[in-house]
Amino acid sequence: MATGIGARPAPALRRYVDSYVGFDLRGLAAGVHCGPPSRVLTAVISLSDPLEVAAGVGDGSPVTRFGSVAGGLMGRSVAIHHDGRQQGVKVALTPLGARAIYGMPAAVLAHRLVPLDELLGALGVELADRLRAASTWAARFTVLDELLLRAVGRGAGSDHVRRMRPEVAEAWRRLVAARGCVQVGAVAAELGWSRRHLTERFRGEMGLSPKVFARVLRFEHAHDLATARDRLPWPDVAAISGYADQAHLVRDWSEFTGRTPTAWRHSEVLLGTG
């Protein structure tokens, strides 16, 4: 059985925090869940046993145990090992949230997994303790609002938020709105920059080039379609999410998950548990 409860953050946080999801997985077969790359930075706080996570799937990446973990934008899936049960809270941050809450650009965390309290200090310890002490999802989401607002407030006197170039923020917004199906050169031209200049600035802020980020967004769209309750055939997934053909989808899927789409669908332990 798997249950997931989603919530929106407080209005004052929505520039920085995309969403909260509480999850409670029980009675599943032990296995490895692929945590796919996406447009957001993810933090997960376990409410039960420590998380066992590797920064790659099937590539020999070492498995590390975390009570709570934060990751940057990724160019591949992370492997989440479990024994058939997990309970925790997932927080999705925007790149602007990396500056406002962690006090650093998203690029510092790109392709990395680090303990959350390494970024938040005592606030991270308090966050985990209070989430584990709360008895309802509503109470946990209230704790998240309170402590993340405090994190934003303690950085309000610095220029961490203001230092992101508005052109970079706008490029991120346009790529996300188009789900990656837009030419990077066209975005650069609309911003009054060369493609090379946009690529350098974007990578310096996000840790991924705009071209790679666009590929992640297109894959994210395909992944959302593939995990929907009403599954689509793979050719339809490819066409709707903007791939040239199914072979193009297979290449990207294999790169981002370490598995072909068919092998992924057979092995992904959380599919159909909705």
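Tutor: An axis here is a line fitted to C-alpha atoms, for helices over the stretch in contact, and angles run from 0 to 180 degrees between N-to-C directions. This is a predicted model in which local features need pLDDT of at least 70 and side-chain atom pairs count only at pLDDT 80 or more, while totals for chains, interfaces and linings use all residues. Residues are numbered from 1 along each chain as its sequence is written, and side-chain values use heavy atoms, without hydrogens and water.

Student: Which residues of H5 and H7 meet?

Tutor: Val168, Ala171, Trp172 and Leu175 of H5 meet Leu198, Arg201, Phe202, Glu205 and Met206 of H7, where contact means heavy atoms within 4.5 Å. Seven residues of this H5 and H7 contact are nonpolar, none polar and two charged. Ala, Val, Leu, Ile, Met, Phe, Trp, Tyr, Cys and Pro count as nonpolar, Asp, Glu, Lys and Arg as charged, and the others, Gly among them, as polar.

Student: How do H3 and H4 run relative to each other, and how do you know?

Tutor: The axes of helix H3 (residues 122-133) and helix H4 (residues 137-154) cross at roughly 170° and come within 9 Å. That angle makes H3 roughly antiparallel to H4. Their contact includes Leu123 and Leu127 of H3, with Val143 and Leu147 of H4. By class, the contact of H3 with H4 holds seven nonpolar, no polar and six charged residues.

Student: What lines the largest cavity?

Tutor: Its lining is Ala43, Ile45, Val91, Leu93, Ile101, Tyr102, Leu116, Leu120, Leu127 and Leu148. These count as ten nonpolar, no polar and no charged residues. Strand E4 (41-46), strand E9 (86-93), helix H1 (95-102) and helix H2 (116-120) each give two or more residues to this lining. The space in the largest cavity is about 60 Å³.

Student: What does the UniProt annotation cover?

Tutor: The unreviewed UniProt entry gives "domain: HTH araC/xylS-type" for residues 166-267; such annotations may be inferred rather than shown by experiment. In the model, residues 166-267 are 74% helix and 0% strand, with end C-alpha atoms 42 Å apart. Helices (H or I, at least four residues) and strands (E, at least two) are DSSP runs, numbered from the N terminus.

Terms used
Angles under 35 degrees count as roughly parallel, over 145 as roughly antiparallel, 65 to 115 as roughly perpendicular and the rest as oblique. On a 1 Å grid over the protein atoms alone, a cavity is a set of points where a 1.4 Å probe fits but cannot get out, and a pocket is an open set with protein on both sides within 12 Å along at least five of seven lines; lining residues have an atom within 4 Å of a point. Grid points are joined across faces, edges and corners, and a volume is the space filled by probe spheres set on the points.
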